[in-house]
Amino acid sequence: MSENAGEDYDVVLLIEQALSEQDAAQVHSLHEGLVDQGVVYHVLLPLEDAAARIESAMGSLTAGDMLASPTIPMSEVDLDAVRKDCEDRTDSELKQTLDALTKSGAVARGQVVTDPPIDALAAKVAEVDGREAIILTRPHVVAEFFHLDWTSKARRKLGVPILHLLEHETFDEQSEAYGEEGITGL
């Protein structure tokens, strides 16, 4: 349970990258009318996977590139250094997000998560008795089309309202490009 169970309106945010000050202000503006309760934002930022990062970089090589040049032995790739870089970048993005939310006037706590994102979201909603969840992502047209994105998975798993927002876009930009689809209930 949250420290002030019953007093706070706990909102769990699942994000893919650091929120800009504009993102933070927009999220905070959603709850300005809740003067009876203090709103606490619990930010979850998944740790970037070092192995996936290397795999992605190697996957961007074309077949011609791979045939024309010798392969790089994995021993030359310092996976621990890449992992440390991922941890440092994720910690920095979480701090930037918490700072942006605090600057907007919000109370924010956060953590880097290593569990699957929707599992971490569900666990945090249960832990703090969250009243709603907000998922902020970059647009993922293919994943959203097949309902494999975080929002679709969260709708199936959680019993709280889910709000899907696109990072680095104003509410007006989102509604023009995508209609009102991101705002949903249960």
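Two strands count as paired if DSSP finds at least two bridges between them. Keep that in mind for the views below, which come from a predicted model.

**View 1. Strand 1 and its partner, strand 4.** Strand 1 and strand 4 (residues 132-137) run parallel and are joined by five bridges. To spot the pairing, look for Leu-14, which stands opposite Ile-135 in strand 4.

**View 2. Strand 1 meets strand 2.** Here the neighbour is strand 2 (residues 38-46), which runs parallel to strand 1 and is linked to it by seven bridges. Tyr-9 is a handy place to start: its bridge partner in strand 2 is Val-39.

**View 3. Leu-13 in the largest nonpolar core.** This core has 21 residues, and Leu-13, Tyr-41, Leu-101, Ile-134 and Leu-136 are the ones that touch the most other members. Strand 1, helix 1, strand 2, helix 4 (79-103), strand 4 and strand 5 (162-166) each give two or more residues to it. Zoom in on Leu-13 and, leaving aside residues up to four places away in sequence, you'll find it touching Val-27, Tyr-41, His-42, Val-43, Leu-44, Leu-101, Ile-134 and Leu-136. There's also a second, separate core of 16 residues, and Leu-44, Val-113, Ile-118 and Ile-162 are among them. As a bit of background, nonpolar side chains in soluble globular proteins tend to be buried together.

View 4. Ala-18 belongs to the loop between strand 1 and helix 1 (21-29). Is Ala-18 buried or exposed? It counts as buried, because its relative accessibility is 8% and the cut-off for buried is under 20%. Asp-91 is 73 residues away from Ala-18 along the chain, yet their C-alpha atoms are separated by 9.8 Å.

**View 5. Stepping back to the whole protein.** Overall, there are eight helices and five strands. Starting from the N terminus, the elements go β-α-β-α-α-α-β-α-β-α-α-β-α. Of the 186 residues, 39% are buried. Among contacts between residues at least 6 apart in sequence, 82% join residues at least 24 apart. The accessible surface is about 10,600 Å², and carbon and sulfur atoms account for 54% of it.

Notes
Residues numbered from 1 in each chain as written. Predicted model: local features only at pLDDT ≥ 70, side-chain atom pairs only at ≥ 80, totals over all residues. Heavy atoms only, no water. Helix = DSSP H or I, 4+ residues; strand = E, 2+ residues; numbered from the N terminus. Buried < 20%, exposed > 50% of the residue type's maximum accessible area, 1.4 Å probe, protein only. Core = buried A, V, L, I, M, F, W, Y, C linked by side-chain atoms within 4.5 Å. Contact = heavy atoms within 4.5 Å. Areas by Shrake-Rupley, 256 points an atom, 1.4 Å probe, with all protein chains shown as cover.
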